[in-house]
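Open the model in your viewer and keep the sequence panel beside it. This tour tells you what to select at each stop and what you will find there.

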Amino acid sequence: MDNADGDGTPADDRNGGGAAADAGAEQSDDGGGPTAVLLDVLPNGRPDDDRPQSRKSPVAYALGAPSFALYELTLAGDADVSVGDRIALDGSDVGRYREVSFDDLTRNAAAEVEYAVEAIVEADEERFVDFYNEAGPITLRLHQLNLLPGIGKKLRNDLLDERKRGPFESFADVEERISGLHRPREVILERIVEEIRESDLKYRTFVGREE
């Protein structure tokens, strides 16, 4: 997952050209603007920033919802935020933001990705259950359902046959109706995390999608 224009310059920032803002359609629940879940907060700024402390701004890393884009945020000096908070990217707590790759994250931020993904999925279960209802073929030989860990030909066909009888209503409904698929929510989570971490995947189902 590359930076908005590939070089991480200020042109990627919301206040420096808007490229990242255009790329991250992370609409909040009330339609008020882009949002993201905080992965790490650095109150003293980036450690590789050699400027005097008085010239540094607090920095944070965050995971956007719903596209799962990764962001570096420059925070306002008076921002009162913590890891796990859902923050408005266009709000008063954020001065600038730009899209980054997984390799750009701090160690702490990288360790929080799975928890943030889980929070986003739990807050919007219907969207991810609908993947089981709506997933379609990618090629003549490959189906979107086959991109999920552990979903082979048999489980794929069982899902396709069962959803013809009626849409799945929840993860619990998927688990009850599909013998052999015991953790449908965790299967989705695992695939999303893989797409976030691996920049060279050929197919992406969740990361980068705008709802």
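**Stop 1: Asn133**

Select Asn133 and show its surroundings. Leaving aside neighbours within four places in sequence, Asn133 is in contact with Arg163, Pro167 and Phe168. Contact here means heavy atoms within 4.5 Å. This is a predicted model, where local features need pLDDT of at least 70 and side-chain atom pairs count only at pLDDT 80 or more, while totals for chains, interfaces and linings use all residues. Residues are numbered from 1 along each chain as its sequence is written, and side-chain values use heavy atoms, with hydrogens and water left out.

Is Asn133 buried or exposed? Its relative accessible area is 15%, so Asn133 is buried. Buried means under 20% relative accessible area, exposed means over 50%, and partly exposed lies in between (1.4 Å probe, protein chains only).

**Stop 2: helix 3**

Now select the element around Asn133, which is helix 3. Helices (H or I, at least four residues) and strands (E, at least two) are DSSP runs, numbered from the N terminus. Helix 3 covers residues 125-134. Its buried residues are Arg127, Phe128, Val129, Phe131, Tyr132 and Asn133. What covers them? Among the elements that do so are helix 2, helix 4, helix 5 and helix 6.

**Stop 3: helix 2**

Move to helix 2, residues 107-123. How far apart are its end C-alpha atoms? They are 25 Å apart, and 17 residues at 1.5 Å a residue should span 24 Å, so the two values agree. The expected span is 1.5 Å times one less than the number of residues.

Next, click Val113. Helix 2 bends there by about 40 degrees. The bend is the angle between axes fitted to the seven residues ending at a residue and the seven starting there.

Colour the buried residues of helix 2: Ala109, Ala110, Val113, Ala116, Val117, Ile120 and Val121. An α-helix has 3.6 residues a turn, so residues three or four places apart point the same way. The buried residues of helix 2 pack against strand 1 (35-42), strand 2 (59-65), helix 3, helix 5 and helix 6 (184-197).

**Stop 4: the nonpolar cores**

In soluble globular proteins, nonpolar side chains tend to be buried together. A nonpolar core is a set of buried Ala, Val, Leu, Ile, Met, Phe, Trp, Tyr and Cys residues joined through side-chain atoms within 4.5 Å. Select Phe68, Val117, Tyr132 and Ile196. Of the 42 residues in the largest nonpolar core, these four touch the most other members. Which element gives the largest share of this core? Helix 2 does, with seven residues.

A second, separate core has 13 residues, including Ala36, Ala69, Ile87 and Tyr97.

**Stop 5: aromatic pairs**

Show the rings. The structure holds five aromatic pairs. Rings of Phe, Tyr and Trp (its six-membered ring) pair if their centres lie within 6.5 Å; planes under 30 degrees apart count as stacked, over 60 as edge-to-face and the rest as tilted.

Start with Tyr71 and Tyr97. Their ring centres are 5.5 Å apart and their planes sit at 90 degrees, so the pair is edge-to-face. Tyr71 lies in strand 3 and Tyr97 in strand 5, so the pair ties together parts that are 26 residues apart in sequence. Tyr71 and Tyr97 are both buried.

Then pick Phe131 and Tyr132. This pair is also edge-to-face, at 6.2 Å centre to centre and 65 degrees between the planes. Phe131 has a relative accessible area of 6%, and Tyr132 has 0%.

**Stop 6: salt bridges**

Side chains of opposite charge can pair when their charged atoms come close. A salt bridge is a side-chain nitrogen of Lys or Arg within 4 Å of a carboxyl oxygen of Asp or Glu. How many salt bridges does the structure hold? There are 12.

Select Arg98 and Glu72. Their side chains meet in a salt bridge at 3.4 Å, N to O. Arg98 is in strand 5 (residues 94-100) and Glu72 in strand 3 (residues 70-75), 26 residues apart. Both Arg98 and Glu72 are buried.

Go on to Arg177 and Glu162, a salt bridge at 3.0 Å, N to O. Arg177 lies in helix 5 (residues 171-177) and Glu162 in helix 4 (residues 153-164), so the pair ties together parts 15 residues apart in sequence. Arg177 is partly exposed, at 23% relative accessibility, whereas Glu162 is buried, at 16%.

Finish with Glu118, Glu122, Arg185 and Glu186, which are linked in a network of salt bridges.
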